[in-house]
Amino acid sequence: MTALAQQLLEYISRPGYQPQKAKALAKNLGVTKKRREEFEAVLAALEQEGRIRISEKGRVQLPAPAGTLIGVIRKISSGAAYLIPHEPRPADVPGDVLIEAEDLRDAQNGDEVLVRLTRRRRTGGGRCGVVVEVLERATNVFVGTYFEEDDAGWVRIDGTDFQEPIWVGDPGAKGAREGDKVVVEMLRFPAHRQPGEGVLTKVLGPRGEPGVETQMILHEFGLPHEFPEDVLEEARLEAENFDETDLSGREDLTRETIITIDPSDARDFDDAISLHRDERGHWHLGVHIADVAAFVRPGSALDREAKLRGTSVYLPTLVIPMLPEVISNGLASLQENRVRLTKSVFIEYTPEGIPVHTRFANTTIRVTRRFAYEEVLPIIQEDERRRGKVPANIRKLLTEMHELAMLLRRRRIRQGYLELDMPEVKLDFDAEQRVIGAHEVHHDESHQIIEEFMLAANIAVARELARRGVDFLRRVHADPSPIKLQQLKELVTSLGFELRHPESRTELQRLLQESVDTPAGRAVHYGVLRSMKRAEYSALPGGHYALAEEDYCHFTSPIRRYPDLTVHRLFDRLLTGRATDGGVSQTELLQLARHCSTTERRADEAEFELIRIKLLSYLESRIGEELEGTITGVDRYGFFVRGTQLPAEGLVHISTLTDHDYFDFDRGSLTLTGRRSGRVYRLGDRVVVAVAHVDVDRRELDFRLVKWLGGGIRRPAPGRKSRSSRQDRSDSERRSGRRSGNGRSRPPRGRRR
C-alpha cells in the first residue's frame with residue numbers, strides 16, 4: 001500500500017470523521033495539484049479493493065463493519081422504516097431490514113445510514129436492525145404549512161415522513177401567515193420522542209395561488225432554477241460569435257433532405273434524421289445530433305452549470321433547462337430552415353436490417369421540415385387530407401423511415417429486447433393554467449421510428465468507444481435478481497398467466513406481448529417493471545438488460561442530458577484519432593456517473609410529485625365524483641385503484657368495503673377475499689370508485705368502492721396453498737402502513753433507456 005493510501009485510510013478512520021467529497025478530502029490531506037491524478041488513482045484502487053466506499057453524492061467513507069449494513073432509509077407512516085441495503089447484499093440479508101421507530105435515531109426518509117443487525121427476526125425470517133449513524137442526509141430543506149401555537153411558529157412538513165410539526169421560533173418570521181406554504185431548513189432533526197427544530201427561510205404564499213405549487217417542488221427537491229449571470233453572459237457570447245456561414249472542418253449536409261419528429265409542444269430539438277436506399281437496396285441512415293460541445297467547453301461556466309444540473313427538468317407548465325435558452329432553444333436547437341452544427345452517425349444496413357458499416361462525422365445541416373408525432377402516421381398511411389400538404393420527397397422519406405424502423409424493431413425483439421407498455425400522464429390546463437383534467441399518452445409507431453434510430457446511434461457510438469478501449473459514461477441496466485423474478489412469477493400466475501422460467505428473456509417477452517391488451521395488462525407490466533433494477537449511468541462496463549445490449553450509452557440528447565455531452569467530447573477525439581487524450585480520470589468518471597444518476601432520479605421524482613400535487617388539488621373540490629378504474633395494488637389494509645380516464649391513484653381502505661364481512665389477505669396472489677361473501681379483489685379488476693377524501697399536504701387520496709365491474713384475471717390460476725393473513729376491519733384500521741397520494745413510488749418512464 002502506498003504512503004498516500006495509508007494516509008487517506010488513517011484520516012477517514014478517525015473518530016468523528018464526516019464523509020467528504022474527493023476534492024475536499026484531497027485539500028485536507030494536503031494533496032497538491034501535481035499529485036491530484038495520483039490521489040484519484042488511489043481512491044479508485046481502494047474502492048475497487050473494498051477498503052473504502054464512495055456514496056452516490058461522491059462522499060468518501062469506510063465500508064460497513066462486520067455485522068452492519070449501509071443503505072437508504074424508507075420510512076412508513078407508522079413511524080418505523082425499512083433499510084434498503086446497497087448492492088451487493090449479503091447472502092443472509094436477502095430482503096429489506098425493518099427498523100422500529102425507537103431504533104431510527106434521527107434518520108429520515110432517503111438518508112444513507114449505517115445499521116447494526118440485531119438478533120430479532122420478523123415474521124417470515126426477515127432481519128431487523130438499529131441505526132448506528134446517519135452517514136449522509138438526503139436533504140435538510142423541506143416544504144410545509146405554517147401555523148402558530150403557544151406564541152411560537154410551527155411548520156407541518158408536507159407528506160407523511162414527519163409525524164409531528166417542526167418548531168421554527170418566533171411567530172411571523174419572514175412575514176409568514178397561518179396557512180402559508182413555507183421553506184424550512186432543519187437545524188435539529190426529530191427523533192423518537194424528541195421534537196425537531198428548524199429555521200424558516202422563505203415564504204411561498206398560500207397553497208393554490210398561481211405558481212406556489214411549482215415553487216414548493218423547486219425548493220423541496222433543490223432544483224437550480226435561475227442561471228448565474230456569468231453563465232448567461234457566456235451563452236450570449238457564444239451566440240455573438242456563431243457564424244453559420246463558417247463550415248470549415250465540417251461535412252456540409254445543408255442540401256440534404258433532413259427532418260425532425262418531436263412532441264407538438266417541444267421547445268428544443270436535438271435530433272434529426274436523413275435516410276435513403278441505394279441501388280442494392282441497402283439503407284443509409286443518418287442520425288444528426290445537435291453539437292452542443294461546440295458551444296460548451298470543458299471547465300467553462302456553461303459546463304460547470306450544466307454538470308451541476310445534470311439534466312433538464314420537465315415540470316407541468318415549467319421547463320428548467322440544463323443550458324440557458326440562448327443555447328438550448330437557439331444555437332443548438334435543430335430548428336427548421338436554420339443552419340446548425342451537428343455530430344452525425346451514418347449507418348449502412350442490408351435490406352434485412354443488418355448493420356454493415358458505420359461512419360462518424362462533424363457536420364452542418366439545415367432541417368427541411370419539422371413534424372410533430374401526431375402528424376406522421378396519417379402521412380405514412382396516405383391520408384388524403386395530409387397528402388397534398390407534404391412534398392413527395394418528404395412523404396417518401398417518412399415511409400422509408402417507418403419501413404426501416406419497423407424492420408430494426410423486429411430484429412431487436414428477436415434479440416431479446418423487452419418493451420413495457422408504460423403510458424405517461426399529461427395534465428390538461430385551462431387558459432389560466434389551472435388543471436381541468438389529465439390523460440395518458442401512449443407511444444405509437446411514430447414514436448417508435450425515432451426511438452429505433454436513437455437507439456441505433458447510441459449503440460453504434462458505445463460499441464466504437466468500447467472497441468477502442470476508451471473509458472466513457474455508460475448507460476447500464478443490471479439483470480434482475482432471482483428473488484424478484486420469482487416474486488414476478490407468483491404475481492403473474494395469480495393473474496392467470498404462465499411464466500415457468502422467469503429468467504428466460506423469451507418467456508418475459510411472451511408474457512408482455514400476451515398481457516398488453518388484457519384487463520390485467522397494466523398489473524403485469526408494472527409487475528415486470530418492479531422486478532427490474534433501475535437503469536443508471538456507470539463508468540464501468542456493464543450491459544443493458546432491457547435492451548439486450550452489451551455496450552450502450554446516451555449520445556442523442558446533449559441539450560438536456562450532461563452524460564450525452566461527455567460522450568460528444570469523446571466523439572471528437574475519435575474523429576481526430578486522439579481517442580485517449582484529454583479524457584477525465586476513472587475516479588472522476590465514477591463520481592460523474594453517480595452524480596448524473598442522482599440528478600436524473602431527482603428530476604423524475606420532482607416531475608411526478610408536482611403532477612401528483614396538481615391532480616390532488618384538482619380532485620379536492622370533487623368529493624363524491626365517480627370514475628372507472630383498475631386495481632393496481634393490493635395489501636392487507638385495502639387496495640389501490642388507478643382511474644381510467646383520470647390517471648389518479650388512490651386507496652380503497654378495507655374498512656370501507658362492507659359492514660358485515662372480514663377479509664383475508666394472500667400475499668402470494670395479492671388478493672383480498674371476503675370470508676362471508678367470497679368476494680375476491682385482485683390486481684387488474686375493473687371497478688367504479690368515488691372520491692372520498694383528499695389531503696393534498698399529506699399527498700393522500702382515498703376512494704370509496706361503488707361497483708365491481710369485472711375480474712382482471714385471464715383464466716383460473718393453478719391451485720395453491722393459501723398463505724393468507726387474517727385481518728379484520730378493526731385490526732386494519734389500527735394499521736398505518738399505508739401508501740399515500742395518487743401512486744406508489746414512481747417507476748422510471750417506459751421510454752427512458
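View 1. Arginine 53 has glutamine 61, in strand 3, as its bridge partner. The model is a predicted one, in which local features need pLDDT of at least 70 and side-chain atom pairs count only at pLDDT 80 or more, while totals for chains, interfaces and linings use all residues. Residues are numbered from 1 along each chain as its sequence is written, and side-chain values use heavy atoms, with hydrogens and water left out. Strand 2 and strand 3 (residues 59-61) are joined in the antiparallel sense over 2 bridges, where strands are DSSP runs of E with at least two residues and helices are runs of H or I with at least four, both numbered from the N terminus, and where two strands pair if DSSP finds at least two bridges between them. The sheet is open, has the strand order 1-3-2 and is paired in the antiparallel sense. Its edges are formed by strand 1 (20-21) and strand 2 (53-54), each of which pairs on one side only.

**View 2. Aromatic pairs.** Across the whole structure, a search finds 8 aromatic pairs, a pair being two rings of Phe, Tyr or Trp (its six-membered ring) with centres within 6.5 Å, called stacked if the planes are under 30 degrees apart, edge-to-face if over 60 and tilted otherwise. Tyrosine 11 and tyrosine 17 are edge-to-face, because their ring planes stand at 75°, with the centres 5.8 Å apart. Tyrosine 11 is buried at 14% relative accessibility, and tyrosine 17 is buried at 12%, where buried means under 20% relative accessible area, exposed over 50% and partly exposed in between, for a 1.4 Å probe and protein chains only. Phenylalanine 142 and phenylalanine 189 also form an edge-to-face pair, with centres 6.1 Å apart and planes at 80°. This pair links distant parts of the chain, 47 residues apart, since phenylalanine 142 belongs to strand 9 (residues 141-149) and phenylalanine 189 to the loop between strand 12 (180-188) and strand 13 (197-206). Phenylalanine 142 is buried at 12% relative accessibility, as is phenylalanine 189 at 7%, and ring pairs join Phe142, Phe162 and Phe189 into a cluster.

**View 3. Arginines over aromatic rings.** Arginine 309 is placed over the face of phenylalanine 227, 3.7 Å from the ring centre, the criterion being NZ of Lys or CZ of Arg within 6 Å of the ring centre and within 35 degrees of the ring normal. Arginine 412 lies over the face of tyrosine 417, at 3.8 Å from the ring centre.

**View 4. Positive phi in two loops.** Aspartate 150, which is not a glycine, has a positive phi of about 55°; this residue lies in the loop between strand 9 and strand 10 (152-157) and is exposed at 67% relative accessibility. Arginine 193 has a positive phi near 65°, lies in the loop between strand 12 and strand 13 and is exposed, with a relative accessible area of 79%.

**View 5. Nonpolar cores.** The largest nonpolar core has 68 residues, of which Leu223, Leu315 and Phe639 touch the most other members; such a core is a set of buried Ala, Val, Leu, Ile, Met, Phe, Trp, Tyr and Cys residues joined through side-chain atoms within 4.5 Å. Helix 16 (residues 586-619) gives the most to this core, with 9 residues. Apart from this core lies another, of 46 residues, including Val390, Leu398, Met406 and Val567.
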